[in-house]
Amino acid sequence: QVQLVESGGGLVQAGGSLRLSCAASGSIFSIDTMAWYRQAPGKQRELVARIASGGSTNYADSVKGRFTISRDNVKNTEYLQMNSLKPEDTAVYYCYARITPRSSYVRDYWGQGTQVTVSS
């Protein structure tokens, strides 16, 4: 069974850095788009960054120049390097991947979420 497991969240002061990781495991044939979303209290889940299988990236305007998304296609893992963190970056961060399992159809998968808290 395919699953995404996140790690790397925590508490950091404003201006600090964190690196999130998300590893896909199970019987995987291929992984297309990978991404990070976040959801702050009382707000809708929003796209933070997205990376295609070929490596092209997109970022939310609010994180451009501060966050970097990357992926390791051998390890089936994506990363989110977050620098110059601000209190408004506080949220639960979810990883996402569009995966084709070896014995099933392509579908969307989500991680369990990891809390990122930025103190002022």
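Visitor: Let us begin with location. In which strand does serine 21 lie?

Guide: Please keep in mind that the model is predicted. Serine 21 belongs to strand 3, which covers residues 18-25.

Visitor: Is serine 21 buried or exposed?

Guide: Serine 21 counts as buried because its relative accessibility is 17%, and the cut-off for that label is under 20%.

Visitor: Which residues does serine 21 touch, not counting residues up to four places away in sequence?

Guide: Serine 21 touches Val5, Glu6, Ser7, Trp36, Glu78 and Tyr79.

Visitor: How should I read the charge of glutamate 6, and what is its nearest side chain of opposite charge?

Guide: The general idea is that side chains of opposite charge can pair when their charged atoms come close. In this case glutamate 6 is buried yet has no salt bridge, and the nearest side chain of opposite charge, arginine 45, is 7.9 Å away. A salt bridge would need the nitrogen and the carboxyl oxygen to be within 4 Å.

Visitor: Which backbone nitrogen does the side chain of glutamate 6 reach at 3.0 Å?

Guide: That nitrogen belongs to glycine 113. The side chain of glutamate 6 also reaches the backbone nitrogen of threonine 114, at 3.4 Å. Leaving aside neighbours within four places in sequence, the contacts of glutamate 6 include Ser21, Cys22, Trp36, Tyr94 and Cys95.

Visitor: Let us turn to salt bridges. How many does a search of the whole structure find?

Guide: The search finds 5 salt bridges. One of them joins glutamate 46 to arginine 38, with the closest N and O atoms 2.7 Å apart. Glutamate 46 is partly exposed, at a relative accessible area of 35%, whereas arginine 38 counts as buried, at 6% relative accessibility.

Visitor: With which residue does aspartate 89 form a salt bridge?

Guide: Aspartate 89 also pairs with arginine 38, and here the closest N and O atoms are 3.0 Å apart. Aspartate 89 lies in the loop between strand 8 (77-82) and strand 9, and arginine 38 lies in strand 4, so this pair ties together parts that are 51 residues apart in sequence. Aspartate 89 counts as buried, at 1% relative accessibility. Salt bridges that share partners join Arg38, Glu46, Arg66 and Asp89 into one network.

Visitor: Are lysine 64 and aspartate 61 buried or exposed?

Guide: Both lysine 64 and aspartate 61 are exposed. Their side chains meet in a salt bridge of 3.1 Å, N to O.

Visitor: Aromatic rings are my next topic. How many aromatic pairs does a search of the whole structure find?

Guide: A pair of aromatic rings is described by the distance of the centres and the angle of the planes. The search finds 3 aromatic pairs. Tyrosine 37 and tyrosine 96 form an edge-to-face pair, 6.1 Å centre to centre, with 70° between the planes. This pair links distant parts of the chain, since tyrosine 37 is in strand 4 (residues 28-39) and tyrosine 96 is in strand 9 (residues 91-101), 59 residues apart. Both tyrosine 37 and tyrosine 96 are buried. Ring pairs link Tyr37, Tyr96 and Trp110 into a cluster.

Visitor: Over which ring does the charged end of arginine 45 sit?

Guide: The charged end of arginine 45 sits over the ring of tyrosine 94, 3.8 Å from its centre. In a further case, arginine 107 lies over the face of tyrosine 109, at 3.9 Å from the ring centre.

Visitor: Finally, let us consider the backbone. What is the phi of asparagine 76?

Guide: Most residues other than glycine have a negative phi, and most peptide bonds are trans. Asparagine 76 has a phi near 55°, a positive value in a residue other than glycine. Asparagine 76 is found in the loop between strand 7 (67-72) and strand 8, and is partly exposed, with a relative accessible area of 23%.

Visitor: Where is the place of serine 84, and what is its phi?

Guide: Serine 84 is in the loop between strand 8 and strand 9. Its phi is near 50°, a positive value in a residue other than glycine. Serine 84 is partly exposed, with a relative accessible area of 42%.

Terms used
Residues are numbered from 1 along each chain as its sequence is written. This is a predicted model: local features need pLDDT of at least 70, side-chain atom pairs count only at pLDDT 80 or more; totals for chains, interfaces and linings use all residues. Side-chain values use heavy atoms; hydrogens and water are left out. Rings of Phe, Tyr and Trp (its six-membered ring) pair if their centres lie within 6.5 Å; planes under 30 degrees apart count as stacked, over 60 as edge-to-face and the rest as tilted. Helices (H or I, at least four residues) and strands (E, at least two) are DSSP runs, numbered from the N terminus. Buried means under 20% relative accessible area, exposed over 50%, partly exposed in between (1.4 Å probe, protein chains only). A charge sits over a ring if NZ of Lys or CZ of Arg is within 6 Å of the ring centre and within 35 degrees of the ring normal. Lys and Arg count as positive and Asp and Glu as negative; His and the chain ends are not counted. A polar contact is a pair of N or O atoms within 3.5 Å; within protein, one must be able to donate a hydrogen and the other to accept it, and residues adjacent in sequence count only if both atoms are side-chain atoms. Contact means heavy atoms within 4.5 Å.
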